[in-house]
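Hello,

Here is the structure I promised to pass on to you.

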Amino acid sequence: MFSGTPFCLLLALPFYYSTNIGALDITVSSGDTAFLPCPLLFNYTDFMRIGVKWEKDGGSILCTYSIQNNAIHDHNCKPRFKVNTEPLGLNITSVESSDAGLYKCLMIRLIPPTPDERSVTLRLKVNVLPSLTLQLTNSTNFSCVELLCSLQGLRPEQVNFTWTRATQFLHHHPESRSMNSTLMLCKPNWTDRETLTCHASYSHNHIRYSKSITLPCNSDSSSFFNVKFGLKANSSVVRFIVIGTLFASLICTALFFEVYYQCLAARRRQ
């Protein structure tokens, strides 16, 4: 005699069938476009309607759409994610390191209404290409400049940073096992429009990466207006304020002389 629970499971099998194809590894470089294939997992016929849902790491839904009459309908995807029709799958443009992870393409047969779903899992790996960035960070002291040099895509313990002005090496405080280096210079150790360079040497293969930046013009008048009015050092803003002040002074002077001559004329008539 059959027990109740196994017998019910046997009856349910013809109405619900779920299968998962083993994970497929896909490797791309950062900045490239990744293609995640998800071919039809059913013996498709024209009267079928199939719902498709893409998930990442078992939670975040990236894209949903449906397939009917060999066409894509009702697609709703996050930015940088786009349905690829031939071959069928998902494109990710401008791949970032955060895009790496497990992706699941879940297909559910909606028509005919017999419950049936199948899925395929893909593992995306992203090779981050070495890149060096150099930027001028904000500083509350307008006589000083602070530069931040950052390297991505390499191991921190094998990177050594140096700073130069032309052929002169500049002193900085290196941080061990870090992918960033900060340089702080205060007057008179820097001048307007001079060029500074950050170098990152990778000891593993002796490759050297370099990035240069030209310091902005930071005159005393600009600093005064920065402190007084909370404005960034901007020559056009300073020029506008100075011209406006001069124009207002001219108007006040003209009004003064106009009133003076009117009073003088009145006294003569008396």
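Let me begin with a question: which residue is the bridge partner of tryptophan 163 in strand 15? It is cysteine 198.

Before going further, a word on the source: this is a predicted model, in which local features need pLDDT of at least 70 and side-chain atom pairs count only at pLDDT 80 or more, while totals for chains, interfaces and linings use all residues. Residues are numbered from 1 along each chain as its sequence is written, and side-chain values use heavy atoms, with hydrogens and water left out.

The protein has 3 helices and 16 strands; these are DSSP runs numbered from the N terminus, with helices being H or I of at least four residues and strands being E of at least two. Of its 270 residues, 31% count as buried, where buried means under 20% relative accessible area, exposed over 50% and partly exposed in between (1.4 Å probe, protein chains only).

Back to strand 15. Strand 12 (residues 159–165) and strand 15 (residues 195–202) pair in the antiparallel sense over 6 bridges; two strands pair if DSSP finds at least two bridges between them. Both belong to an open sheet of 4 strands, ordered 13-12-15-16 with antiparallel pairing. Its edge strands, each pairing on one side only, are strand 13 (168–170) and strand 16 (207–214).

Threonine 197 also lies in strand 15. Is this residue buried or exposed? Threonine 197 is buried, because its relative accessible area is 13%. Leaving aside neighbours within four places in sequence, threonine 197 is in contact (heavy atoms within 4.5 Å) with Thr162, Trp163, Thr164, Ser210, Lys211 and Ser212. Its C-alpha atom is separated by 10.0 Å from that of leucine 147, which is 50 residues away along the chain.

Elsewhere, strand 7 (residues 89–92) has two antiparallel partners to look at. With strand 2 (residues 34–37) there are 4 bridges, and with strand 6 (residues 81–84) there are 4 bridges as well. Glycine 89 of strand 7 is the bridge partner of proline 37 and also of asparagine 84. Strand 6 and strand 7 form a hairpin with 4 residues between them.

One last item on side chains: lysine 187 lies over the face of tryptophan 190, at 4.0 Å from the ring centre. A charge sits over a ring if NZ of Lys or CZ of Arg is within 6 Å of the ring centre and within 35 degrees of the ring normal.

Best wishes
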